[in-house]
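Dear colleague,

Here is the structure that I promised to hand over to you. Please keep it open beside this message while you read, as my notes follow it part by part.

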Amino acid sequence: MTAPAAPPVALHSIAFAYPGNRGTIPLRDPVTSQFLGDHPEWTAGGRQVPAAFVRGSVTGARVCFARIPGGGQAPAGAVRIGARAEGAPGVAEREVVLAFDQAGISAPIDFQLNGPHHPSVRTVQVEWHWYLRDGAGEHPIGISRHEWLLAWRQPIPPTDWASLLEPRDGPVGQPDVPWVYLPIMRWTCEWGTEQGDERQLCDALLAGLPKSGLVYAVGAWNVRDMLLKGGGYCGAFYRMFQALAGAQGVHLERRQFAVDWRPQPGNQARWCAIVVETPGLNRKAPAEDPSTFHDVGNRPVERSPVDEQLQRRYRFWGIPNAVGDGHSLNFLHAGDRWYLYDASFQHRVELDGFELPPSDHTKRISVETLGNFKEAYLDVAVQFMLGSLQHGGRLFETVHPVPGTPNFKPGEVRNGLSVKTALVEDRDAAITFYWV
Amino acid sequence: MDSPHDHLRHILAGDMLGGGRYTWRHVVGVLQRVREDGSEASHLVLREAAVFTGRLALDESQGLPHSMSPEDFLRWVAVQTLGAWDATRHRDVIARAAGLMEHEHLAVQARRLLA
């Protein structure tokens with residue numbers, strides 16, 4: 001007696017991120033800007049790309065089958081098809097009637113998974129063993145392997161973090177569905193973000209960020225450019241950190257505090273720039289040529305000697321009587337408290353007595369009205385405030401180069417007086433910023 | 001000798017400075033001088049800067065702006081200045097500049113100057 005012949009049916013393709021598959025998160029390739037789900041994530045032809053889901057959700061799979069040429073008679077009536085897996089949901093068996101087109105491919109058939117995805121954030125490698133059952137018994141029809149990325153919650157829409165030059169719309173047929181760049185979903189599912197609350201998740205993201213390989217001070221100011229170039233400036237990093245948290249469904253605020261260059265009598269100005277001497281993420285030194293600074297670092301400030309230093313430091317330049325450059329931060333509001341995240345320089349601070357200023361380029365805000373922002377963050381992260389100031393009977397003036405002016409040296413900036421931020425009294429609006 | 005206005009036009013055109021490129025420090029310095037000057041020539045060159053659509057070709061060894069792209073910075077400073085000087089006269093370029101900003105907050109703030 002011979003065993004019943006297996007029906008001539010094989011797997012052709014398996015799709016996850018199709019419209020209406022609730023719990024699925026569209027993933028976007030930052031290089032091509034295409035969605036991975038524009039084509040089935042798995043094909044018999046060798047395509048195998050990740051799919052993302054909300055943890056604990058029960059999702060579906062849209063499957064096409066192929067008739068094996070020369071394999072005999074295809075099933076004429078209803079058969080039952082499903083898939084088994086270990087350690088992850090399989091495919092719930094269902095009755096189907098296979099109809100093949102002239103190319104031998106079936107119409108897409110929607111299946112449901114036979115259980116919820118794992119309840120925690122993680123990456124899952126799963127192998128589905130497909131079978132077909134007909135009157136003659138059960139027949140294996142193929143194996144498919146998948147990489148699943150399980151997120152904490154439905155992502156935050158990209159309008160939260162994307163610049164106006166970045167793509168924002170979702171896939172065709174799902175324009176309003178939030179999506180995530182593939183590297184961001186991979187990172188955030190692997191950086192220990194599976195436990196705790198929103199604050200712990202953001203802490204884990206900040207701690208994991210160096211593993212991304214992203215570098216501070218690369219010429220990029222939005223998330224996609226940052227992924228393509230391998231880094232960015234703070235104007236990109238605060239979007240990136242918002243996108244990282246957003247991938248796991250956590251909303252962060254972002255703000256920039258811009259330098260308020262206030263000209264004062266006698267060619268003085270307070271302040272011309274904020275000065276940061278730390279290199280930034282995944283860097284060994286600030287990405288600027290050395291410049292001569294005139295540091296004041298001792299109390300009493302008025303009598304402190306000026307310490308001349310030739311050093312690499314970042315200067316975030318203001319513009320006199322206007323809103324210029326500044327630094328970019330994220331803020332999480334949790335449990336009636338604000339938490340500050342500085343992804344560029346890896347600071348995380350619990351703020352007391354702080355309320356997030358509205359974005360407004362017309363209003364300068366003194367740091368003394370911002371709770372412990374100065375003591376807990378600014379004094380630590382921004383080592384010096386650079387001004388044009390009188391000190392010891394001499395004017396230390398900040399002057400930018402204009403080619404053709406007398407004594408001009410190419411690229412030279414004459415730095416004024418750099419006063420250690422912690423020594424600037426937190427009163428009388430000594431330090432003000434625009435928050436935008 | 002080129003004036004700051006000439007230099008700003010060179011920067012917008014992507015011209016070289018002697019044997020090298022302009023640095024970010026030059027851009028900031030030139031913008032300052034043009035704003036300090038405040039002449040009709042300053043109005044005109046800042047109108048060009050406000051609606052600049054190219055990419056600035058800079059020597060990056062002296063750093064770049066941190067919070068926004070050099071192009072957004074240039075447009076943003078031009079827009080603020082023109083808005084402060086004569087928002088009615090420069091309404092057309094401020095409106096166009098708002099549509100060119102990459103940073104959405106800058107686009108919003110530029111439109112607020114028109115309100």
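Two strands are said to pair if DSSP finds at least two bridges between them, and the strands themselves (E, at least two residues), like the helices (H or I, at least four residues), are DSSP runs numbered from the N terminus. With that in hand, you can find an open sheet of four strands in chain A, in the order β4-β1-β6-β9, with antiparallel pairing. Because β4 (42-43) and β9 (109-112) of chain A stand at the edges with a single partner strand each, one side of each is left without a neighbour in the sheet. Within this sheet, β1 (residues 9-15) and β6 (residues 60-67) of chain A pair in the antiparallel sense over six bridges, and L11(A) stands opposite F65(A) in β6(A).

Before going on, please note that this is a predicted model, in which local features need pLDDT of at least 70 and side-chain atom pairs count only at pLDDT 80 or more, while totals for chains, interfaces and linings use all residues. Residues are numbered from 1 along each chain as its sequence is written, and chains are lettered from A and ligands numbered from 1 in the order in which they are written.

A second open sheet in chain A has six strands in the order β23-β22-β21-β15-β28-β24, again with antiparallel pairing, and its edge strands, β23 (347-351) and β24 (360-366) of chain A, each pair on one side only. Five bridges join β21 (residues 323-334) to β22 (residues 337-342) of chain A, with L332(A) opposite Y339(A) in β22(A). Helix α2 (residues 198-208) of chain A packs on this sheet and touches β21, β22 and β23 of chain A, where being in contact requires C-beta atoms, placed from the backbone, to lie within 7 Å. Helix α5 (residues 373-381) of chain A also packs on the sheet, touching β22 and β23 of chain A.

A residue counts as buried if 20 or more other C-beta atoms lie within 10 Å of its own, as exposed if 12 or fewer do, and as partly exposed in between, with C-beta atoms placed from the backbone. Four bridges join β17 (residues 268-276) of chain A to β20(A), and the two run antiparallel; here I274(A) stands opposite F316(A).

In the loop between β20 and β21 of chain A lies G318(A), which is buried, with 27 other C-beta atoms within 10 Å. Leaving aside neighbours within four places in sequence, G318(A) is in contact with several residues, including V259(A), W261(A), W271(A) and D325(A). The C-alpha atoms of G318(A) and R262(A) are separated by 9.3 Å, although these residues are 56 apart along the chain.

Helix α4 (residues 234-247) of chain A is mostly covered, as 14 of its 14 residues are buried, and G249(A), which follows this helix, has a positive phi near 85°.

Finally, 36 residues of chain B are in contact with 37 residues of chain A. On the side of chain B that touches chain A, α2(B) gives the most, with eight residues.

With best wishes

Definitions and conventions:
Two residues are in contact if their C-beta atoms, placed from the backbone, lie within 7 Å. Axes are lines fitted to C-alpha atoms, for helices over the stretch in contact, and angles run from 0 to 180 degrees between N-to-C directions.
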